[in-house]
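Please look over the sequence and the model below before reading on. The paragraphs that follow go from local contacts to the nonpolar cores and then to the domains.

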Amino acid sequence: MIGRHKHCIALADYSREEILEVLDLAVSMKEVLRRPIKKVPSLRGRSIVNLFFEASTRTRSSFEIAAKTLSADLLNWTASASSVTKGETLIDTARNLEAMRPDVLVIRHAAGGAPRLVAEHVGCAVVSAGDGAHEHPSQGLLDCFTLREKLGTLEGKTVAIVGDISHSRVARSDLHSMPKLGAKMRLCGPPTMIPAGVEALGATVHYDLREAVEGADAIVMLRIQHERIGDPLIPGTREYSKFWGLNAKKAAEWLKPSCVILHPGPVNRGVELSPEVADGPHSVILDQVQNGVAVRMAILYLLAGGTESEAKA
Ligand code: CP
């Protein structure tokens, strides 16, 4: 369990204390990853199924490494090689895999709400690895972990999220977690990519990039989610990059020296971030990827029923 929760589906459901439970345990998990032998027996005998209906590099790999570091058994299932291609439904797929007695199903799906629907039909724990434009809770948690690590605390810090806010499940999970840890949120992007009424989540809205990033302690840059957009919402990527992309000149003129830049990946180099900024001194993008393993270890450990002393073994 994470606090009251058997599942990890949406950070909107999680309290500050429940978020901190994962982040604090992830500190111990990161220590395990620094050891020469990166293996603890905490989840020996437990099994995890990765159920990915959408492509992934970071999330799927890091759940796999997290499970294996904790000595759990892991099955990687892919839609294209499954009986989904013969018409099997999501619920039938999940119930048949659950009949093989895994402890956790990790699911990514293009439809918002798919992990919650699965959770209503199976007995094991369900972790969302991202559902449509709804939420990406493990990404939100690893973003919080990275900010705590780099800034010390989120209390009183200003975080700007820049880009395609409307279609971003990462933006939604960040917005449902960072303010609970005390961060002040700014949102910035083209007017067509900022959802109406988003200020209700406690963020200020900016259409001018300089206004959004000046004085910020951290910036989360997002890619345009072309796969979730029907008609074009911007004239083109050149215009987008000119107004909402960060390059070395803008970074040098507008950012605080201590400002950190996050990006959930994949980065579209030359669009939202120039290569100099993506690989430059402000960037903590690869730290996010490394922290993703520790945070996913903590999630799996708490939901698959390990104990605190085993985690540190
Ligand atoms: N951040 C993220 O979800 O990346 P992947 O799509 O590669 O998993």
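Contact here means heavy atoms within 4.5 Å. On that basis Leu147, leaving aside its neighbours within four places in sequence, is in contact with Gly152, Leu154, Val159, Met178, Ala218, Val260 and Leu262. The model is predicted, so local features need pLDDT of at least 70 and side-chain atom pairs count only at pLDDT 80 or more, while totals for chains, interfaces and linings use all residues. Residues are numbered from 1 along each chain as its sequence is written, and side-chain values use heavy atoms, with hydrogens and water left out.

Leu147 is also among the residues with the most contacts inside the largest nonpolar core, which has 67 residues; such a core is a set of buried (under 20% relative accessible area, 1.4 Å probe, protein chains only) Ala, Val, Leu, Ile, Met, Phe, Trp, Tyr and Cys residues joined through side-chain atoms within 4.5 Å. Domain 1 (11-134 + 289-311) and domain 2 (137-285) both give residues to this core, so it lies between them, the domain bounds coming from an automatic or database assignment.

The C-alpha centres of domain 1 and domain 2 lie 26 Å apart, and the contact takes 32 residues from domain 1 and 28 residues from domain 2. Across this interface the rule finds four salt bridges, each a side-chain nitrogen of Lys or Arg within 4 Å of a carboxyl oxygen of Asp or Glu. Elsewhere in the description of side chains, Glu149 and Lys30 meet in a salt bridge at 2.8 Å, N to O.

Conventions. Buried means under 20% relative accessible area, exposed over 50%, partly exposed in between (1.4 Å probe, protein chains only).
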